[in-house]
Amino acid sequence: GMIEFGLLLYNRQIITNASREGARAGIVLSTPRLTDAEIGSVVDAYCQDRLVTFGNAAGPSTSVSREDPASVFGTDLTVRVTYDYDFLVLTNLGFGPVELVAETVMRCE
């Protein structure tokens, strides 16, 4: 049980870092700005080799919201990453999946 809860906390940190990486990629001044799908790809790439999934095929889901659709200087970009963590052994004892959520808000450069 301690190992599984340790992995839960580890995955929570990975999700948090993935949302930061996605937000950072989205706010950096570039022409053109990254699309929501490209920001989601940054998050997926970060999580791909880092999440401990126990073979769960469903990866994290990413949603991006912008204060201004054009992402002009000084507006906020929000990246929200959710992931359903399934326990390996504790599922048999009634512990269901836990939804891990991380949200990062950064101001566009």
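Q: What makes two aromatic rings a pair?

A: Rings of Phe, Tyr and Trp (its six-membered ring) pair if their centres lie within 6.5 Å; planes under 30 degrees apart count as stacked, over 60 as edge-to-face and the rest as tilted. Here, ring pairs link Phe5, Tyr85 and Phe87 into a cluster. The structure holds two aromatic pairs. A word on the model: it is predicted, so local features need pLDDT of at least 70 and side-chain atom pairs count only at pLDDT 80 or more, while totals for chains, interfaces and linings use all residues. Residues are numbered from 1 along each chain as its sequence is written, and side-chain values use heavy atoms, with hydrogens and water left out.

Q: Are Tyr85 and Phe87 buried or exposed?

A: Buried means under 20% relative accessible area, exposed over 50%, and partly exposed in between (1.4 Å probe, protein chains only). Tyr85 is buried, at 0%, and Phe87 is buried too, at 6%. Across the chain, 35% of the 109 residues count as buried.

Q: Which residue lies over the face of Tyr46?

A: The general test is that a charge sits over a ring if NZ of Lys or CZ of Arg is within 6 Å of the ring centre and within 35 degrees of the ring normal. In this model that residue is Arg50, at 4.0 Å from the ring centre of Tyr46.

Q: At what angle do helix H1 and helix H2 pack?

A: Two packed helices are described by the angle between their axes and the distance between the axes. Axes are lines fitted to C-alpha atoms, for helices over the stretch in contact, and angles run from 0 to 180 degrees between N-to-C directions. H1 (residues 2–27) and H2 (residues 36–48) pack at about 145°, with axes 8 Å apart. Residues making the contact (heavy atoms within 4.5 Å) include Ile14, Ala18 and Gly22 of H1, and Ile39, Val43 and Tyr46 of H2.

Q: How many disulfides are there?

A: A disulfide is a pair of cysteine sulfur atoms within 2.5 Å. By this rule there are zero. Cys47 is buried at 4% relative accessibility, and Cys108 is buried at 3%.

Terms used. Helix = DSSP H or I, 4+ residues; strand = E, 2+ residues; numbered from the N terminus.
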